[in-house]
Amino acid sequence: MPSENPLLQYPHRHYGMDHHRYPWQMLHQRPQVQWPDGNKVALWVNISLQFFPLAQTDKTFQVPGGMRMPYPDLRHFSLRDYGNRVGIFRVLKVLDRYGIRPTVAMSAEVATRYPSLCQRIVERGDEIIAHGLNMDALHHSGVDEALESERVRVTCETLREATGQPITGWLSPGKSQSFRTPDLLAQNGIRYMCDWVNDDMPYSVDTAHGPLVALPLSTELEDTFVLLNNQHSEQSYAEQVQDACGFLLREAETKGGRLLALSIHPWLMGQPHRIKKLDEMLAHITGQPGIWSASASDIIAHAGV
Amino acid sequence: MKADPQFYDYWAYDNRPRIRWPNNARVALWVAPNFEFYEFDPPTNPQRTPWKRPNPDIAGYGIRDYGNRVGALRQMELLDKFGIRASVSLSAALCDHHPEIIEMCRERNYELFSHGVYNTRYNYTLNEAEERQMLKDSIEVILEKGGQNCSGYLAPALSHSEHTLDLFAEVSTEIFGDEVPLYSCDLFHDDQPTPLKTRSGRKMVSVPYSLELNDTIAFVVNKAEPRRYGQMIRDAFDVLYAEGAESGTVMCIPTHNYQVSCPHRIAAFEEALAYITSHDDVWLATGREIADHFIQHHYDEAQASIEAGLAGGK
């Protein structure tokens, strides 16, 4: 008699994935991607401009960069705010030096609290990605549907109004989703999301409101993950990114175009003791032949997803 | 509960009978990649929650799915380059979900051994009949879909009961009789194979599986930098190669397709494998081959040496 213990029941044990968001397919089974001008690796730099409310309420999981001391956690609030005041300008200066056009993932509340910062980004012509209402308005299965739906709607509307851009990209706070998040995104005019890290290249996702593109923004190479979570040095961070770039350039020789996605937080990399490493790292990367610096939308347009 | 798992007796590393590997190799090297399936919406075990965040934890699920979509082929092609046949620690349900990966393993003549059904299902709180059912399921799937009579076992997510090793030996014997050389990778007490005690008396050995060189332990738990991980592998090899001149040693590199196959890590791993395989006296083996050789040639004298040691001799 087989056990009826729920720990030994496998209702989704069958061919393919155990959910319905995308079909099972390995990267090498998909058509090879050709980037413009014969380039090998698309360099996507995403800058996150985030607002972390001092009174953080959702403690379902530790939000990367979130408040962690007893209220009022002035230490972390102001350290994060440093990115929006100081760090961002330092980071942009470095990117401009190497001709890198970033995309900017923005909390809707950055646009409403710091309209001049938002305008600076708009005037530069950088593509803006919706990054949720703020870093405490999370998306996970403990959030009820009406609230999550409202969060997506208000985020998109606020950013569209503040920027004049169509806002078609989405990055959830903490890259967290509920079972329904992709459906809500598609319903609100989002065309691509950056939360899933299960691939090195963009691919198509199914939702109740039509297809979305998943554009993976690597967590393993994210500045906060390497420097804060792993406690690696700035030197090691630069080496890791350079090793990844070197490997992807080699892999692209036989497997088609590849994507190097870098997630940068101005409150971290914009600090005076770190900015030089960012500068050196990007000098190294952009100094190699075969690198194509592009916005998220340009990358998707050329990836044929 | 016991103070000692009672699977093996104390056996000092020096003065053991000499182990001789094929062709007088000093080190038996085996690479043991975990090919796993983690579930999107698994049930919660009362003693351990599969994901840190509420289901669906797309952060944790996503990177593990990356291992199958991207990392698996990448690691296989790297091992091909060095003529290494992997010993795959397999979530048996991967045979159902992703048979293409199993086919790629079979083309390469990899060993497939049991790593449970899913790596989001733990042995905690299961009774003996239930743990036996899970083990039988995994071994039967590996036979049916992988075409192999499973020789080794690594408990899923290293979740054990007091009788995990006994049950593996009993289930294997029920299915295959005594034809399979049995080994466990769940114990980290030695750099050479050691005899294990099972309650049925079925012969089984522990084949060294270095937890410290396991990429997930190195990268996630100990937070090693990728290049440092490569250096750790080389340093371990140097010691085991030197000591292997006296008596054969075992070096295991346990990996995961979602860890070491990431673009920022694989170059350092490749350099380490190039370094190891540039040495002459290395036996590129599988877990089963190591277990089989030890059982055939060294088990009895090892057992005698252990008993002499316990009796106060040398």
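The legends below describe several views of a predicted model.

Residues are numbered from 1 along each chain as its sequence is written, while chains are lettered from A and ligands numbered from 1 in the order in which they are written. Because the model is predicted, local features need pLDDT of at least 70 and side-chain atom pairs count only at pLDDT 80 or more, whereas totals for chains, interfaces and linings use all residues.

**View 1. Chain B as a whole.** Chain B has 10 helices and 9 strands, where helices (H or I, at least four residues) and strands (E, at least two) are DSSP runs numbered from the N terminus. Its C-alpha atoms fill a box of roughly 55 × 45 × 35 Å along the principal axes. Of the 314 residues in chain B, 55% count as buried, that is, 20 or more other C-beta atoms, placed from the backbone, lie within 10 Å of the residue's own.

**View 2. The largest nonpolar core and Val41(A).** The largest nonpolar core has 175 residues, and Val41(A) and Ala28(B) have the most contacts inside it; such a core is a set of buried Ala, Val, Leu, Ile, Met, Phe, Trp, Tyr and Cys residues joined through C-beta atoms within 7 Å. Leaving aside residues up to four places away in sequence, Val41(A) touches several residues, including Cys245(A), Leu248(A), Leu260(A) and Trp292(A), a contact being a pair whose C-beta atoms, placed from the backbone, lie within 7 Å.

**View 3. The enclosed strand β1(A).** Strand β1 of chain A (residues 41–49) is largely enclosed by the rest of the structure, because 9 of its 9 residues are buried. Both faces are covered, with Val41(A) and Leu43(A) among the buried residues on one side and Ala42(A) and Trp44(A) among those on the other.

**View 4. Strands paired with β1(A).** Strand β1(A) runs parallel to β8(A) (residues 258–264), to which 7 bridges join it, and pairs in the parallel sense with β9(A) (residues 291–293) over 3 bridges; pairing requires that DSSP finds at least two bridges between the strands. Val41(A) has Arg258(A) as its bridge partner in β8(A) and stands opposite Ile291(A) in β9(A).

How values were computed
Buried ≥ 20, exposed ≤ 12 C-beta atoms within 10 Å, placed from the backbone. Contact = placed C-beta atoms within 7 Å.
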